[in-house]
Amino acid sequence: MTGTTGSSETPQPPRKPIKQKMAASLKSFGSWVIGGAGGNGNGAGHPAPMGELFAKTDPATDGEECLHDCETCAVRYPRGFKIEEEDALYGEVKAWSTHLIVGTGKADWVRDVADEKGSVMEAVDKAGPPSNGKMKLSASNMPTPHDTSDYSEPATVLLLPAFTLIDNVRPANVPTLITDIVSHAPTTATPLHPTSSIPASVGDLSTRRCPHNAVILMCSQGTRDARCGQSAPLLRRELERHLRPLGLYRDLHDERPGGVGIYFISHVGGHKYSANVMVYRRPNAFGQDDVAGGGGGQEEGEKEEEEEGGGEKGGRSGDVGAAQCIWLARIKPEDCENLVRYTVLKGKVVKPESQLRGGFDRAKGLMSW
C-alpha cells in the first residue's frame, strides 16, 4: 500500500486528491453535523494511523475464521446493488463531539430530517449549538412512548458517547436539552472517566442510562439513496441471526441490561459506500477485548453500577459511556458474522483497508480526524 504515512512504522492508505476530497465532504456532510468548530480539541488535525486506532483481526490470535466471510448467510443484496469499491475511506469523515439519536418510530424521513415539520430534529436545527463541540444529529426508528410516528408525542433520544437516554423531549424543550444536558455530556475526546455531570432531570426532561453494552447504527433513509433503504433491513436480519444465539440481541422494546441495540438512522453521508454501519461500544463491552495492563476495569464498573441500580433514572455516577465508535462502510450480509464476532464483541476490524471510515477510541485518546 502506498501513500502518506502517519508515522515511520504504520502506513496510511492513499489520500484522495484535494479537489475530490472537498467535493465529497461538501456532498456528504452538508447538513448532518450541528454545531461550531469544536471547543474540546476534536478538530486538532492529528488523525491516528489506521492500525493504531483499532486493532485488525489476526488469525494467529483470532483464528482462521477471521479471514472468511459467512458461508451460511442466506441474505443477499438485490440484483444491481452497486457499491463503490475504489475510494480510500479512512480519514475522510469529519470530527464530531456528540451524537444525538432522536426516536421517531419510523425508518425513513424527508430528504433533510431537519425539514420534518414539528419534529425534534427541526427544533435542534433551529436551536443554538452545544458548547462542547459539534453534534451529529440523526433521526432513528427508536420507538416513541406510544409507538406512533406522531411528532406531537414526546420523543426519547439517545445521546452518545454518553450512552444516556433522555425522555420527554419535545421541540419546546430542545434548547434546554442542548444547554443543560448535551453541553455537559462526555464527548468523543473526553478521557474515559466516570461522569456525574449529566443531571438526572432538568425541567420535564429526565435522563437514564442506556441499558445496552453496544449499539449498531445503520442508515435506512431510502429517500436519500435506495441502497440504504434496501440494505438496512437485510443487515439487521443477518445481525440478529448471529446475535440471538449469544443472548445479545435486543429488539426496540427490550431494555434488559447488556446486549446490543440495533437502530436505523438517517443520512450519514457516503451512500455510494453502502452499507454504512456505526458501532458504539462500552469499554470492554463483552469482556473479550485485548486489554493491556489490566485496563478492563470497566467490566467491574458496569457490574457495580448495575448492583447499585444504574439502570434507573439518575443512576449516572459510575458510567463512562462509549469507549469506541467504529464506523464501517461497504458492509454486506456475508460480513455480518465477523462484524458481530470481532467488531461488536472485541472492538477489532476485520477489513480495515477496504471498510474502515473512521471513529474514535477514548481509552487510547485517538481519533481518525
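User: Why is the pair E240 and R244 called a salt bridge?

Analyst: In this predicted model, the side chains of E240 and R244 come to 2.3 Å, N to O. The cut-off is 4 Å between a side-chain nitrogen of Lys or Arg and a carboxyl oxygen of Asp or Glu, so the pair qualifies.

User: What makes E240 and R244 partly exposed rather than buried?

Analyst: Buried means under 20% relative accessible area and exposed means over 50%. E240 has 22% and R244 has 47%, so both fall in between.

User: How many salt bridges does a search of the whole structure find?

Analyst: The search finds 22. One of them joins the side chains of E85 and K332 at 3.6 Å, N to O, which is within the 4 Å limit.

User: What makes E85 and K332 a link between distant parts of the chain?

Analyst: The two residues are 247 residues apart. E85 is in the loop between helix 3 (59-62) and strand 2 (98-103), while K332 is in the loop between strand 12 (324-328) and helix 8 (336-346). E85 has a relative accessible area of 41% and K332 has 28%, so each counts as partly exposed.

User: Which parts does the salt bridge of K272 and D87 tie together?

Analyst: The side chains of K272 and D87 meet at 3.1 Å, N to O. K272 lies in the loop between strand 10 (260-265) and strand 11 (277-281), and D87 in the loop between helix 3 and strand 2, so the pair ties together parts that are 185 residues apart in sequence.

User: Are K272 and D87 buried or partly exposed?

Analyst: D87, at 14%, is under the 20% cut-off and is therefore buried. K272, at 37%, is partly exposed.

User: Which residues are linked in a network of salt bridges?

Analyst: The network links D62, D290, K346 and K348.

User: Why is N132 called buried?

Analyst: N132 has a relative accessible area of 9%, and the limit is 20%, so the residue counts as buried. N132 is found in the loop between helix 4 (120-126) and strand 3 (135-140).

User: How do you know that the side chain of N132 has polar contacts with backbone oxygens?

Analyst: A polar atom of the N132 side chain lies 2.8 Å from the backbone oxygen of V182. For the backbone oxygen of A185 the distance is 3.2 Å. The cut-off for a polar contact is 3.5 Å, so both distances are within it.

User: Which residues touch the most other members of the largest nonpolar core?

Analyst: I216 and M218 do, in a core of 39 residues. Elements that give two or more residues to this core include strand 8 (214-219), helix 6 (226-243) and helix 8. Among the residues that M218 touches are A232, L235, L239, I262 and F264. Another core, of 28 residues, lies apart and includes V120, A155, V174 and I178.

User: How do you know that the span of helix 6 is close to the expected one?

Analyst: Helix 6 has 18 residues and reaches 26 Å from its first C-alpha to its last.

User: Which elements do the buried residues of helix 6 pack against?

Analyst: They pack against strand 8, strand 9 (249-250), strand 10, strand 11 and helix 8. The buried residues of helix 6 include C228, A232, L235 and L239.

Methods: Residues numbered from 1 in each chain as written. Predicted model: local features only at pLDDT ≥ 70, side-chain atom pairs only at ≥ 80, totals over all residues. Heavy atoms only, no water. Helix = DSSP H or I, 4+ residues; strand = E, 2+ residues; numbered from the N terminus. Buried < 20%, exposed > 50% of the residue type's maximum accessible area, 1.4 Å probe, protein only. Polar contact = N/O pair within 3.5 Å; in protein donor to acceptor, adjacent residues only side chain to side chain. Core = buried A, V, L, I, M, F, W, Y, C linked by side-chain atoms within 4.5 Å. Contact = heavy atoms within 4.5 Å. Expected span 1.5 Å × (residues − 1). Lists of a residue's contacts leave out its neighbours within four places in sequence.
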